[in-house]
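Dear colleague,

Please find below the structure that I am handing over to you. My notes on it follow directly after.

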Amino acid sequence: SQATTAATILANYDVDSLVKIFRDYGEERFAAPIARKIVATRDANPLTTSSQLVDLVDSVIPKAHRAPGNPAKRVFQALRIEVNQEFEVLHEFMEKLPKILNPGGRVAILTFHSGEDRIVKKAFKEMKNSGIYDDVCRNVIRPSKEECHRNSRAKSTKMRWAIKAK
């Protein structure tokens with residue numbers, strides 16, 4: 001139902017825009033060669049399925065540099081973040097958050113991506129420096145090895161907290 005879809009991004013964005021998305025949102029090391037291949041081949045071979053994108057990414061990333069799992073997972077993550085404007089929504093949330101907290105109110109935020117964590121960390125730090133928060137988490141809180149063993153999805157999770165000034 002959204003105007004922008006992953007398909008429209010892959011079919012219409014130029015190389016520089018794709019590189020920026022893949023690098024900034026997916027932290028994809030091979031963002032440039034992936035973007036160049038998408039643009040170079042999309043007229044003759046438009047990407048219409050996710051498996052085609054996986055195959056394209058797989059053909060670009062050297063075997064020696066592959067992480068475990070799907071080689072296109074970072075590209076899919078970047079596309080999801082771009083389509084849903086997730087970082088923009090998080091920035092907006094961080095700006096509005098102090099207005100809904102009572103004085104002395106506490107907030108804890110879980111992030112699942114380093115880009116999200118940077119946004120939360122920076123916002124908390126800036127708002128502490130401007131007196132909006134009395135205290136903020138100085139060191140990120142990570143799940144224990146035991147928790148990660150029970151729930152493998154917890155591995156990337158980071159928690160930060162803040163306390164609103166009274």
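Arg118 is partly exposed at a relative accessible area of 49% (buried means under 20%, exposed over 50%, partly exposed in between, with a 1.4 Å probe and protein chains only). This residue forms a salt bridge with Glu27, and their closest N and O atoms are 3.2 Å apart; a salt bridge here is a side-chain nitrogen of Lys or Arg within 4 Å of a carboxyl oxygen of Asp or Glu. The two partners are 91 residues apart, Arg118 in helix H7 (residues 114–129) and Glu27 in the loop between helix H2 (15–26) and helix H3 (31–41). Helices (H or I, at least four residues) and strands (E, at least two) are DSSP runs, numbered from the N terminus. Glu27 is likewise partly exposed, at 31%.

The model is predicted: local features need pLDDT of at least 70 and side-chain atom pairs pLDDT 80 or more, while totals for chains, interfaces and linings use all residues. Residues are numbered from 1 along each chain as its sequence is written, and side-chain values use heavy atoms, without hydrogens and water.

The whole structure holds nine salt bridges. One of them joins Asp117 to Arg160, with the closest N and O atoms 2.8 Å apart. Asp117 lies in helix H7 and Arg160 in strand S3, so this pair ties together parts 43 residues apart in sequence. Asp117 is buried at 5%, and Arg160 is buried at 7%. Shared partners join Asp117, Lys158 and Arg160 into one network of salt bridges.

Three strands form an open antiparallel sheet in the order S1-S3-S2; strands pair if DSSP finds at least two bridges between them.

Yours sincerely
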